[in-house]
Amino acid sequence: MRLILIETNSYMTNLLEIKNLNVEFDTDEGRILAVNNLSLSLKEGEVLGIVGESGSGKSVTAKSIMQLNPGNTHYKDGGEIIIDDENALKFNSTKDLKKIRGGKVSMIFQEPMASFAPAIKIGHQMVEQLLLHKSIDKKEAKNISIDMLNRVGIADADKRFNQYAFELSGGMRQRAMIAMALSTMPKLLLADEPTTALDVTIQAQVLDLIKSIVKEYKMGVIFITHDLGVIAQTADYVAVMYLGCIVESGPVREIIKNPKHPYTIGLLEALPDVNNLDVPLKPVPGNIPSPLERPSGCVFHTRCNLYEEGKCNIEFPELKNYSVNHQVACLKVNNNE
Amino acid sequence: MNNNLISVKDVSVEFDYQENFFSKKQKIQAVKNVNLNIKKGSFMGLVGESGSGKTTLGRAILAANHISSGQVIFHDEQNDYDLANISKKDLKDYRKKAQLIFQDPYAALSPRMTVRDILAEPLEVMKITKTREETDERVRVIASKCRLNLEHLRRYPHAFSGGQRQRISIARALVSNPQFIVADESVAALDVSIQADILNLLKALQKDLNLTYLFISHDLSVVAHTCDEVAVMYLGRIVEHAPTRELFSNPKHPYTKALLSSIPSIDPDKQNKAIELKGEIPSSMNPPSGCVFHTRCQYVNENCKKTVPQLEKLNGSDHQVSCLRINEI
């Protein structure tokens with residue numbers, strides 16, 4: 001069954017392809033490596049989940065796609081982010097950037113209050129971006145916006161259209177944010193912790209909404225979260241990040257049921273599961289190292305239980321195939337084939 | 001013999017609210033007629049969505065909020081403290097016995113003080129220790145219990161990661177040797193791998209120092225793993241209260257059921273369908289009549305809109321539910 005799926009998928013072209021992306025930040029204390037040699041690809045209608053702790057570089061990766069990282073960012077030469085046969089990293093004119101920002105790619109952020117301008121009506125903001133990206137008039141844009149607000153389950157959409165962001169509740173604001181992001185019909189949706197600030201009951205509603213819209217419009221989605229439960233319920237593929245590197249990636253079922261990298265295993269064991277109260281919680285030992293003191297060799301070696309002196313602290317593990325589709329970056333994990 | 005450390009009797013907390021200078025004053029009912037007993041040595045969980053009043057209740061128990069009506073009694077070995085009418089002198093005493101751990105370890109610690117000074121401050125302010133040597137000794141003991149070493153004590157908070165900072169916050173709360181701790185969303189800001197570490201530390205300290213916790217959280221899976229008992233709040237009321245295992249295996253209140261079904265399962269094959277709650281939590285400025293949950297409940301009938309349900313024991317067991325139709329649904 002899975003093999004057939006891969007076969008049909010391989011005929012489809014990649015919507016997004018990131019090759020050897022390296023992102024660095026200049027800070028007062030020195031240059032920090034935020035994303036290290038990252039490669040990934042995404043096809044139409046696929047949901048790719050990126051999990052990792054704070055500081056693992058998951059948001060930086062997503063922001064690189066739209067070039068939203070701050071001014072002290074350096075993209076090392078040789079990195080490519082290919083959307084529709086064009087390298088988005090090479091874009092530097094406003095005209096080119098407009099094609100991706102809000103055009104082909106849209107982004108939903110964690111805190112919807114911070115993403116809406118507080119003194120401009122929601123409807124106005126939605127219409128404004130539609131006029132920027134589509135050749136339509138104001139009236140049409142308004143109709144599309146109200147229709148979109150309806151689609152995401154906002155009652156009295158025409159009334160909400162004329163309200164400000166602070167007048168909506170948290171869940172409603174997040175829906176409005178999704179409506180705005182989707183109204184330009186992007187090919188790729190970047191969702192950066194879209195449900196983290198929401199209550200569980202509202203989170204369930206928003207996740208259902210994203211899933212059904214993705215299916216309908218056949219968008220590609222990159223779903224960033226630290227919550228493995230959310231990933232298990234929404235994503236098709238998952239990439240686990242640690243300190244800027246992908247340490248394991250593959251189909252979501254495979255990664256969760258058969259994790260190979262010690263960090264993925266640790267994350268899963270640290271996660272409290274309501275259905276299994278007898279298992280004690282096992283923290284991943286140690287702390288996430290400061291980005292200024294990046295460990296040598298395998299970046300995870302300072303916290304790893306498989307650590308081998310003279311190997312793990314010297315050699316850098318490449319992301320290698322463990323089985324078809326399932327990749328692991330660990331020196332202690334052998335190929336299964 | 002009473003083995004409750006804290007008894008909350010029919011407590012309500014109201015806040016005044018005025019939209020602007022000219023508009024009429026309104027009342028927000030943050031907590032309404034809550035009854036809750038916290039046993040000595042228990043790990044009591046309090047869950048609910050944002051706006052359900054769980055933090056306000058926690059603060060009322062710490063005498064950090066006013067109590068509009070009802071009684072909160074803290075049963076000490078020597079005497080009982082009635083927190084609604086506590087004298088200034090007693091309040092100073094009570095502060096040593098009940099402490100709070102905050103949510104955000106980045107905001108809770110002063111960036112200008114060394115860890116040693118942060119931990120010593122409560123001792124000096126509360127005049128618990130007499131000499132500097134005594135203070136230092138106390139700080140060292142509590143720091144080592146929270147797995148901070150001497151080297152750490154000389155540093156400033158910015159040098160620590162989130163998990164280590166939370167350990168400093170815990171040490172500061174424990175340094176006055178309290179009996180009761182309110183942990184308000186204390187692991188919500190932490191990463192999963194660190195979160196488990198802090199939860200295990202809280203558990204270990206409970207045994208070591210004979211602590212009683214009120215653990216406030218919105219994360220049900222965390223509560224399931226750490227607490228002995230759980231109370232579920234909705235719009236200022238406790239709607240269900242039971243031992244943890246009983247609550248999670250046999251939830252009775254429709255709200256608890258919806259809440260539990262909304263937790264995303266880690267198993268991708270288990271696409272459990274969340275019981276969808278219509279709309280959102282109503283405003284506590286004008287809560288619905290009758291049962292406050294009736295606007296979102298799937299089992300609502302006419303009676304629910306009129307009669308206020310009481311928290312009642314289920315067949316005489318420890319399981320308490322506040323629902324009018326509990327026997328029918």
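Hi everyone, let's start with a pair of strands. In chain A, strand β1 (residues 14-27) and strand β2 (residues 30-43) pair in the antiparallel sense over 10 bridges. Here, two strands pair if DSSP finds at least two bridges between them. Helices (H or I, at least four residues) and strands (E, at least two) are DSSP runs, numbered from the N terminus.

A word on what you are looking at: this is a predicted model, where local features need pLDDT of at least 70 and side-chain atom pairs count only at pLDDT 80 or more, while totals for chains, interfaces and linings use all residues. Residues are numbered from 1 along each chain as its sequence is written, and chains are lettered from A and ligands numbered from 1 in the order in which they are written.

Back to β1(A). A hairpin of two residues links β1(A) to β2(A), and across that pairing A:L21 stands opposite A:L38.

Next, two helices of chain A. The axes of α5 (residues 122-133) and α6 (residues 138-151) of chain A come within 9 Å and cross at roughly 120°. Axes are lines fitted to C-alpha atoms, for helices over the stretch in contact, and angles run from 0 to 180 degrees between N-to-C directions. So α5(A) is oblique to α6(A): angles under 35 degrees count as roughly parallel, over 145 as roughly antiparallel, 65 to 115 as roughly perpendicular and the rest as oblique. Residues on the α5(A) side of the contact include A:M126 and A:L130, with A:A141 and A:I144 among those from α6(A). Contact means that the C-beta atoms of two residues, placed from the backbone, lie within 7 Å.

A:A62 is in helix α2 (residues 58-65) of chain A. Is A:A62 buried or exposed? It counts as buried, because A:A62 has 20 C-beta neighbours inside 10 Å; the cut-offs are 20 or more for buried, 12 or fewer for exposed, and partly exposed in between. Leaving aside neighbours within four places in sequence, A:A62 is in contact with A:L190, A:D192, A:I222 and A:I224.

Over to chain B, where an open sheet of eight strands runs in the order β6-β7-β8-β3-β9-β10-β12-β11, with mixed pairing. Its edge strands, each pairing on one side only, are β6 (98-101) and β11 (312-313) of chain B. β6(B) runs parallel to strand β7 (residues 180-184) of chain B, joined by four bridges, with B:A98 opposite B:F180. Helix α6(B) lies across β6 and β7 of chain B, at about 170° to β6(B).

Finally, where do the chains meet? In all, 36 residues of chain B are in contact with 34 residues of chain A. Which helix gives the most to the side of chain B that touches chain A? That is α7(B), with eight residues. By class, that side of chain B has 16 nonpolar, 13 polar and seven charged residues. Here Ala, Val, Leu, Ile, Met, Phe, Trp, Tyr, Cys and Pro count as nonpolar, Asp, Glu, Lys and Arg as charged, and the others, Gly among them, as polar.
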